[in-house]
Amino acid sequence: MRMWMVRSKRGQLADEFESQGFVAIWYSARTDLSKARSESQLRELLAGMQMGGNRTVATSVYVRYLFEMQPGDYVVSYDGSTREYLIGTLGEYRYDESAFEEPSHVRSATWKGRVSRDDLSQSAKNSLNSLL
């Protein structure tokens with residue numbers, strides 16, 4: 001089992017993540033990526049898309065999000081308004097055109113609780129800052 005950090009637009013959407021039971025990413029692929037059954041199929045699908053920003057970074061994030069993250073893995077997200085980390089477990093991927101104001105790549109999450117950033121060691125804070 002692995003642990004993943006999924007940021008909520010600089011901590012602004014943590015309440016929505018928690019109340020709606022999911023995490024989401026918003027890179028520039030505006031289509032359902034679940035039809036890609038392998039990393040190579042995903043790379044082919046993304047190669048044909050108009051994408052803003054750094055294509056290599058976006059593709060790497062999608063590969064992790066769709067193929068490396070697994071249901072049951074731990075997930076962490078930061079709530080900037082309370083300085084707390086949400087801790088939970090991941091579920092399945094889905095593409096949701098109505099999750100927020102823009103289409104979102106969503107994974108369900110079962111949230112187990114919160115931990116204050118102030119209660120963590122400096123080493124733990126540094127580790128969390130470097131994750132996905």
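Reply: A salt bridge here is a side-chain nitrogen of Lys or Arg within 4 Å of a carboxyl oxygen of Asp or Glu. Keep in mind that this is a predicted model.

Me: Which residues are linked in a network of salt bridges?
Reply: Side chains of opposite charge can pair when their charged atoms come close. The structure holds 7 salt bridges. The residues linked in a network are Asp15, Glu18, Asp79, Glu84 and Arg114.

Me: How many residues apart are Asp15 and Arg114?
Reply: Their side chains meet in a salt bridge, at 3.4 Å from N to O. Asp15 sits in helix 1 and Arg114 in strand 5, and the pair links distant parts of the chain, 99 residues apart.

Me: Is Arg114 buried or partly exposed?
Reply: Buried requires under 20% relative accessible area, and exposed requires over 50%. Arg114 has 27%, so it is partly exposed.

Me: What does the salt bridge of Arg83 and Asp118 tie together?
Reply: The closest N and O atoms of Arg83 and Asp118 are 2.6 Å apart. Arg83 lies in the loop between strand 3 and strand 4, and Asp118 in the loop between strand 5 and helix 4. The pair therefore ties together parts that are 35 residues apart in sequence.

Me: Arg94 forms a salt bridge with Asp96. Is Asp96 buried or exposed?
Reply: The closest N and O atoms of Arg94 and Asp96 are 3.6 Å apart. Arg94 has 35% relative accessibility and counts as partly exposed. For Asp96 the relative accessible area is 15%, so Asp96 is buried.

Me: Which side chain of opposite charge is nearest to Arg107?
Reply: Arg107 is found in strand 5. Arg107 is buried yet has no salt bridge. A salt bridge needs the nitrogen and oxygen within 4 Å. At 5.3 Å away, the nearest side chain of opposite charge is Glu92.

Me: Which backbone oxygen does the side chain of Arg107 reach?
Reply: Leaving out residues up to four places away in sequence, Arg107 touches several residues, including Phe22, Tyr65, Met69 and Leu90. The distance from its side chain to the backbone oxygen is 3.1 Å, and that oxygen belongs to Met69.

Me: Which residues touch the most other members of the largest nonpolar core?
Reply: This core has 30 residues. The largest share, 5 residues, comes from helix 3. The members that touch the most others are Phe17, Val23, Leu33 and Leu42.

Me: How far apart are the end C-alpha atoms of helix 3?
Reply: Helix 3 has 14 residues. At 1.5 Å a residue, the helix should span 20 Å. The computed distance agrees with that: 19 Å.

Me: Which elements do the buried residues of helix 3 pack against?
Reply: Buried residues of helix 3 include Ala58, Val61, Tyr62 and Leu66. Their packing partners are strand 2, helix 2, strand 4 and strand 5.

Me: Which residues is Glu39 in contact with, leaving aside its neighbours within four places in sequence?
Reply: Glu39 is in helix 2. At 36% relative accessibility, Glu39 counts as partly exposed. Val57 is 18 residues from Glu39 in sequence and 15 Å away in space, C-alpha to C-alpha. The contacts of Glu39 are Val63 and Phe67.

Key:
Residues numbered from 1 in each chain as written. Predicted model: local features only at pLDDT ≥ 70, side-chain atom pairs only at ≥ 80, totals over all residues. Heavy atoms only, no water. Core = buried A, V, L, I, M, F, W, Y, C linked by side-chain atoms within 4.5 Å. Buried < 20%, exposed > 50% of the residue type's maximum accessible area, 1.4 Å probe, protein only. Helix = DSSP H or I, 4+ residues; strand = E, 2+ residues; numbered from the N terminus. Contact = heavy atoms within 4.5 Å. Lys, Arg positive; Asp, Glu negative; His and termini not counted. Polar contact = N/O pair within 3.5 Å; in protein donor to acceptor, adjacent residues only side chain to side chain. Expected span 1.5 Å × (residues − 1).
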